[in-house]
Structures are given as structure tokens and as C-alpha cells.
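Visitor: I have just opened this one and would like a walk through it. Could we take it slowly?
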Amino acid sequence: MNTTDEIILLTDEFTGLEYSWRKTGVADSTVNNVLTKNIGTYKYERIFEVADVRWWGIKGDGTDESATLNQVFSDIKDNKKVNEVAFYGLEKVLINSTINIQRGDLIIDGKNCFISSTHETDVLLFNIDNTKDIYKANNIHIKNFLTSNVPEAQTFLKAKESHYLRVTDCRFDGMKLGFDLEECYFTKLNAIYFHGTHQAFKFYKATNAFNVTNVKIHGGGIPSEIINTTTGGNISGCSFEDASGRLLIDRSFGINITGNYFEGHNENKVDTYIKLSLSARYENVAGINIAGNLFYTGAMQAIKLDNVAGISITGNYIGTLHALNLSGNGDSTQRNINYSGNAWRYSPSLQVGIPVTQASEYIGEYDGGRANASPEWNVPVIFTPQAFHARFFEDGDHQLAATAIDAVTTANYMTHTWQTNGQKTEAYLNGSVNLLQKKYFNASEANAIPIEPFGFGSTLGTLMLQNDSGQFAMFLWQRNISTNINKGYFKQVVNDLGVTVVHDNGQITITNGGTPQYLKAELKV
């Protein structure tokens with residue numbers, strides 16, 4: 001033992017290395033631990049920049065070392081001189097009980113150490129419970145860990161109210177759940193590989209301002225979830241493969257999904273790569289940007305929408321059976337959707353290969369009689385697809401097919417014919433319908449037009465009427481939201497025609513004034 005007036009050198013009993021210790025005062029038996037020693041009548045503190053878990057006796061010899069690791073984090077809880085904990089020279093550390101991280105401003109560096117519970121033993125490896133700042137365990141960076149188990153066992157990290165959390169440069173082979181985060185702000189996941197995982201991550205209850213980049217997910221499990229009032233996030237530069245390579249977003253807002261790769265491998269297992277909203281709440285997913293992604297083969301459809309608003313789907317390359325499924329359940333609404341500039345070309349997956357003849361860029365699911373699945377009913381919705389196919393709307397015949405743009409129309413006015421319950425009408429992709437073709441009205445003549453079979457009941461907009469002389473009338477739909485979303489009235493804005501308009505729960509009655517005239521009507525929906 002070498003000594004000076006203030007510094008001594010001691011050989012560590014586990015590593016065999018010498019470390020410097022500084023005299024800090026008189027002996028104090030209450031603080032005698034790995035970082036502080038009493039020698040004679042004086043107290044000494046270990047001088048270091050990084051705490052080595054081997055100082056506590058972690059051996060990595062295949063025995064359960066959960067208790068010792070928990071002692072490490074207990075000893076450094078109140079020692080702010082420790083800003084990094086490292087797993088030097090350890091090939092594998094076995095833990096069968098949860099390790100509780102009890103302080104922040106900390107780097108936990110695995111140094112490529114393999115950390116895991118016993119095979120098929122379901123354990124939460126790391127836990128950060130910072131409820132009401134009990135530990136102030138914020139600004140934690142976990143990196144360079146390897147782990148492996150089966151898809152039915154093991155969660156790597158669960159955190160609650162821990163902010164500025166970073167997990168980087170890790171590989172997980174076999175994992176039930178990678179990250180279970182609740183109310184964690186400013187989370188960053190980067191350079192992480194999930195192989196054979198059941199579920200990669202679950203963000204919920206205001207896990208806001210997250211950034212998931214350069215992450216690869218591969219496994220036969222379930223989608224990663226972003227749910228329950230989670231706002232503001234970015235998912236970019238990631239690879240999502242197989243059944244666990246999917247995203248489910250519900251009750252969340254302001255999320256950017258760009259520059260990612262999706263491949264499902266098997267259409268029988270993978271229905272949708274990105275599902276926006278599952279619960280029957282009004283517009284509970286909004287402000288989502290899906291751009292510049294490659295949706296490859298092996299899924300029934302790339303994107304499914306239900307109860308959404310303010311969705312932009314642009315500049316993607318889509319190779320799935322269907323590009324977009326605009327769903328509905330009778331209470332659902334889809335508003336302000338921009339689907340444009342995407343390249344859709346279906347290529348059958350190698351594992352299943354559903355015939356190309358069944359492919360379509362757009363489909364609509366059963367919607368409980370509202371027909372909200374049609375682009376026209378959800379204006380302002382902009383679609384520029386190559387082909388439309390619709391299915392399972394209401395009882396009756398359904399035909400939907402896009403026609404070529406002719407010389408008198410524009411890209412925003414590509415027409416098609418819509419038929420429901422035996423009634424046909426001409427509609428436009430800009431969200432209007434020729435409700436009344438040119439018709440001669442006698443004085444005071446009335447014409448009742450049933451619109452409910454066409455699904456307009458909940459999404460009526462402006463009603464425009466015009467005669468041969470160019471005079472017109474405008475009425476705005478006023479919905480009565482306190483009773484029934486199908487009920488309301490048309491409020492007159494301009495009326496040079498002397499007509500009256502009455503709405504009665506699915507039927508519009510137009511009554512001419514005292515002058516015979518030709519009238520036509522266009523309804524915005």
C-alpha cells in the first residue's frame with residue numbers, strides 16, 4: 001500500500017487492479033461500502049470516472065446476480081460522483097429478478113455484455129419507476145447490451161415518468177416486450193435490433209416527443225403500440241418485418257412516420273402494416289404524416305384508417321395487395337385525408353401470393369350503413385389512386401370504378417358512377433355529387449331526393465342550385481350534434497332562385513318558387 005498525505009492505492013479484491021482512494025474525513029461506519037472505506041481513523045472515497053460492476057463482485061459466471069446488481073444501483077443512488085456504470089469484461093450476466101434503477105443523470109454501458117434471465121423465465125430486466133419524481137430518475141442512457149430469450153419471456157425495460165431516456169446500440173434475440181413506456185417524455189431509441197421478438201415497444205399515457213430511428217424489428221408477434229393520448233413523435237429509418245413489424249396507433253396525435261421499410265412475408269399473418277385507430281371514438285387519431293416509406297409484399301394492405309382526421313399519406317411506394325383501407329363501423333368518420341403521389345403496384349408475396357386479380361389500391365370495409373368508406377363521403381379527402389374496389393357496404397348492389405379523365409374535366413374532377421340500393425349518381429373525387437341533374441320545375445313544384453342510401457347523412461356540406469340563366473342558391477348544412485348526427489337543416493346563404501330546401505333525416509326536398517325554371521343541384525359531401 002502506497003500512501004501520501006491524501007491519496008492511497010488499494011488493490012480491488014475482484015478485479016485485481018489498483019485504484020486510488022482519497023481521504024475525505026474521519027471514519028464513519030454508516031457509509032462503509034464499495035465506494036467508501038474506513039481505514040484506521042479516516043474515511044476514504046474511491047477515485048474513478050466509471051463505476052465497474054465487478055467492484056461489487058459481479059462475476060458473470062451463470063449464477064443469478066440480481067441481488068448484487070440491485071446493490072450496485074442502491075449504493076450509487078445518492079452518490080452523484082458516479083455518472084456511469086459499466087459491465088467491463090463480462091460475457092454474460094444472469095438476472096432472474098428485476099433491477100431497479102433509482103437515480104438519473106446516468107449512463108449504463110453494457111460493453112457488449114450479454115444480459116438475460118434464465119431461458120423461458122419471464123422477467124422484467126430493468127425498471128425505472130419515477131412516479132411523482134420519487135427518484136428523479138431522468139436523463140438515463142442505456143447502451144451496448146445483448147440479450148436473448150424466447151418470444152414468450154422477458155421485457156428489457158419498463159419506465160414510468162422517466163424523461164430524457166435513451167436506449168442505443170443493443171441487440172435483442174428473443175423478447176416478449178422490448179420497451180414498456182408510460183408518461184416518458186423525450187425518449188430516444190436508436191440502433192436497436194429486435195430478432196424473434198413478440199412486441200418491440202409500447203408507448204402509452206403521454207409518452208410524448210419520442211424518436212425511434214435506425215431500429216430493425218423482426219418476429220412473428222404483434223404490432224408495436226402507440227396509444228392513449230401520446231403526442232409528438234418520429235419513427236424514421238427503421239425496418240419492420242414479419243408479424244411484429246407493424247404499428248398500431250390509437251388515441252395519438254402528431255406523429256411522423258417517414259423513410260421506413262415494411263415487409264410482412266405472409267399475407268395470412270399480416271393484415272396491415274400501419275393501423276390508425278381501433279376504438280370507436282370520434283377522430284381519436286389525427287395529425288399523422290406517412291411519407292417516403294417502402295411498403296413491400298406480404299401484407300393484405302399497407303394502411304388502415306378508422307376514426308381519423310388530418311392524415312397525410314404521400315410519396316410512398318406500396319407493393320401490398322391493397323394500399324389503403326378506409327374502414328368504418330357506423331360511428332366512424334374520416335376527415336381531411338390526403339392520399340396522393342404514392343406508387344402502388346402489387347407484387348404477390350412469396351409465401352402466399354394472393355392473385356393479382358384480387359388486388360386494388362383502395363378498398364372500403366363494412367361501415368354499418370353510413371358508406372363512410374367512400375372518398376366522396378369524407379371530404380376534404382384527396383385520392384389519386386390507379387384503381388378503386390369497394391366491398392361490404394350496405395345491402396344492395398355496389399359498383400365503384402374510376403374512369404379516365406376526359407377533355408372537360410381535371411385531375412380533381414375524375415368522375416365515376418356510384419350505385420347503392422339500385423340508385424345511381426355521378427360523383428367526383430373532389431367530394432361533390434350531382435344530386436339533381438338538369439330538371440324542369442313547374443311553379444311551386446317539389447322534388448324529394450333520398451340521400452341516406454348514398455351514405456350522406458352524417459357528412460353533408462354545401463348545397464348549390466343553379467338555373468339556365470346562371471342564377472344560383474347556396475345552402476349550408478347545419479348538423480344537430482346534440483341529438484343525432486344524421487339530423488340538421490340547410491341554412492340559406494344566397495337564394496336568387498326562390499327555392500326552399502328541407503332535410504328530413506336522409507331525404508332532401510327541393511321546392512321551386514313561383515317561376516317555372518330548369519334547375520340542377522350539386523351537393524358537397
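Visitor: Let's begin with a cysteine: is Cys238 buried or exposed?
Guide: Cys238 is buried, with a relative accessible area of 3%, where buried means under 20% relative accessible area, exposed means over 50%, and partly exposed lies in between, using a 1.4 Å probe and protein chains only. Please keep in mind that this is a predicted model, in which local features need pLDDT of at least 70 and side-chain atom pairs count only at pLDDT 80 or more, while totals for chains, interfaces and linings use all residues. Residues are numbered from 1 along each chain as its sequence is written, and side-chain values use heavy atoms, with hydrogens and water left out.

Visitor: And what about Cys170, buried or exposed?
Guide: Cys170 counts as buried too, because its relative accessibility is 4%.

Visitor: How many disulfides are there?
Guide: The structure holds zero disulfides, a disulfide being a pair of cysteine sulfur atoms within 2.5 Å.

Visitor: Zooming out, what share of the chain is buried?
Guide: Of the 525 residues in the protein chain, 53% are buried.

Visitor: How many helices and strands does the chain have?
Guide: The protein chain has one helix and 41 strands, which are DSSP runs numbered from the N terminus, with helices (H or I) of at least four residues and strands (E) of at least two.

Visitor: Which order do the strands take in the open sheet of four?
Guide: The order is β1-β2-β4-β3, with antiparallel pairing, and two strands pair if DSSP finds at least two bridges between them. The edge strands are β1 (7-11) and β3, each of which pairs on one side only.

Visitor: How many bridges join β2 to β4?
Guide: Five bridges join strand β2, residues 18-26, to strand β4, residues 42-46, and the two run antiparallel. Within β4, Lys43 stands opposite Gly25, and Tyr42 stands opposite Val26.

Visitor: What about the other neighbour, β3?
Guide: Strand β3, residues 36-39, is joined to β4 by four bridges, again in an antiparallel arrangement, and Lys37 stands opposite Tyr44 in β4. β3 and β4 form a hairpin with two residues between them, and Gly40 in the turn has a positive phi of about 65°.

Visitor: Last topic: what is the accessible surface of the chain?
Guide: The accessible surface of the protein chain comes to about 22000 Å², of which 48% belongs to carbon and sulfur atoms; accessible areas come from the Shrake-Rupley method with a 1.4 Å probe, and for residues only the protein chains shown count as cover.
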